Amino acid sequence: MATTTTRQPVTAARNSLQLPFSISIDWVGLLPFLAFVMVFLILPAWSIVQRALTDGTGTLTLSNLLNLTNPTIAQAYRSTILVSFITAITGALIGGGLAWSITVGNLPAWIRSAVLSFSGVAANFAGLPLVFAFVALLGRVGLLNQLLRPTGAAIDPQTFLYGFWGLCIVYTYFQIPLLVLIMVPALDGLRREWVEASENLGATRLQYWRYVGIPILLPSILGALALLFANAFSTYVTASALLGAIGQTFAVTIVVANQFRTDTFGDPGLGYALAFSMIVVIAITVMIYTYSRNRAERWLRRAE
Amino acid sequence: MNRVRTSPLAWALFSIAFVYLVVPLLAMVWASLTTPRGWTVNAYTEVFSTPGFAEALLFSVRSGLITIVISTALVVPTAYWVHLRLPHLRPLIEFFTLIPLVIPPILLTFGLIRFFNGTPLTNSSQGLYVLLLGGYVVISFPFFYRSIDAGLQAINLRVLTEAAQSLGAGWGRILWNVILPNLVVAILNGSFITFSIVLGEFTISSLLSQPAFSPYMLDLSYREADQATALSIISFAFTWLSIVFISIIGNRRAGAARRALTR
């Protein structure tokens, strides 16, 4: 009895000595990485937030954020949100059809693997090459106008390429493969047993999708839409290569870039407020994505 | 309900997406091969001798290689250490490596300039180059880290480390002589992705006024549109081929590992 009471404090003391020691040694191994992330990612991002919420002298203020109602910025925000929303939907429809056809639709295996590997490349096929491709297709002397020439009809690039609808058409291109990459695993998770079970209960195919398939996929679809929205919202190179100087009206990112190159509004705080507001919008969509992905995973885990 | 049969609906949906994804590429190839006077491959032959091409390409290739070296030096030891000693911190590190995926490069550049404002990094062209490299490492992090992380999961890290330690190797030697050779495919994988990201990167390099490949390509498209288009096709094909190449090496390695295990 006496021996145990005297021993206990000794072991406890040794543990409490050892624990912080081993933790600190292990953490040292992470220092270079953490230092790099701090200096090149966290602190720069934080400095945007900080400057957006203070004035030139460092006093806290909301005036930068309130100035976001500036008509140029409001117009750019309206267009950007509309383009992001439309292309999230069009990308989800066309990409969803493609993802469905290679999973549930049972297309041959080689088509499936070709589509998946193509999607990996094409989802990153944004920026200059993508713009070149669509100018070659829809431009004034593009392929479509050359083919239409004998009929006398023509496509006006000012309407369909260099403007709002042009952005929608071009963005949809990289939204399709992104959606395929996100949705194929979810569609693969749909069990054949569920179809058979609903069949045995007398359900039609339509009823199966209405009451089983779509409800199970809903969180994945919502998450995919959020990610597609954020993807279009933060696109800069594609918009600026396509629209050049007039892009200011259509894309928030171009307003940020212009503000960055030349102090467009004569108010540096406004540029930071704009950048900060973009971070907020993206953070919200990423939160929606994370939430719905957790919901979707709960279903997949239950299915196993 | 017969699910094995392919329905016509599946073919129809596939065709719609196929047309949307392939026709612009065909138009691009067509545009690069035609002039008002007829078919020609001039755009492909002339682009390599256009003034400024070699310099821009060389600049981006060099930056890409430096980025790969920095990423390897930074990510491999960290990922190894996390796997070995701090597995409970993996979600934290993964979170850090995911931030660049959601923060657009334009905001990253904006933040870098603001944060380093007034330091030597924003005053000189060498300083801006350091910022450029830092930005490149950050935007390729998610891809490089995931590749290394997957590579580390495939090998028995603990056994390799303990075997090396019992033979008297120090940490540096373990990393260089034991871990690194086992991660060759993973590093190669991450390196190819990093390289293609750096080669195609536009935002950071143009905002930091660095003479990189993509800004050059935009500039070229104003003067010689056909050549710029030809160049896009070449880089697209290059990306595609490197991905095929990596998957072939990966499969061969995986096959060899399977054979060694079953022997």
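This is a predicted model: local features need pLDDT of at least 70, side-chain atom pairs count only at pLDDT 80 or more; totals for chains, interfaces and linings use all residues.

In chain A, which helix has the lowest confidence, and which has the highest?

Mentor: In chain A the lowest value belongs to helix α1 (residues 2-28) of chain A, with a mean pLDDT of 50. The highest belongs to helix α4 (residues 71-102) of chain A, at 94. For chain A as a whole, the mean pLDDT is 84, and 89% of its residues reach 70 or more.

The domain assignment gives some context. Chain A is divided into domain 1 (1-52) and domain 2 (70-303). In the contact between these domains, four residues of domain 1 of chain A meet six residues of domain 2 of chain A. On the domain 1 side, three of the residues are nonpolar, none is polar and one is charged.

Next, the partner chain. Chain B averages a pLDDT of 86, and 94% of its residues score at least 70. Among its elements, helix α13 (residues 225-262) of chain B has the lowest mean, 76, while helix α1 (residues 8-33) of chain B has the highest, 93. The model as a whole scores ipTM 0.83 and pTM 0.84.

Where the two chains meet, 59 residues from chain A and 55 residues from chain B take part. On the chain A side, helix α2 (residues 31-52) of chain A gives the most, with 12 residues. The residues on that side comprise 41 nonpolar, 13 polar and five charged.

One pair of helices inside chain B can be followed in more detail. Helix α3 (residues 53-84) of chain B and helix α10 (residues 184-200) of chain B have axes that come within 9 Å and cross at roughly 140°. The crossing is right-handed. From α3(B), the residues in contact include B:Ser60, B:Gly64 and B:Thr67; from α10(B), they include B:Ile187, B:Ser191 and B:Phe195. In this contact, five residues are nonpolar, eight are polar and none is charged.

Technical notes: Residues are numbered from 1 along each chain as its sequence is written. Chains are lettered from A and ligands numbered from 1 in the order in which they are written. pLDDT is the predictor's confidence in each residue, from 0 to 100. Helices (H or I, at least four residues) and strands (E, at least two) are DSSP runs, numbered from the N terminus. Two residues are in contact if their C-beta atoms, placed from the backbone, lie within 7 Å. Ala, Val, Leu, Ile, Met, Phe, Trp, Tyr, Cys and Pro count as nonpolar, Asp, Glu, Lys and Arg as charged, and the others, Gly among them, as polar. Axes are lines fitted to C-alpha atoms, for helices over the stretch in contact, and angles run from 0 to 180 degrees between N-to-C directions. A crossing is left-handed if the near helix is turned anticlockwise from the far one by less than a right angle, and right-handed if clockwise. Domain bounds come from an automatic or database domain assignment.
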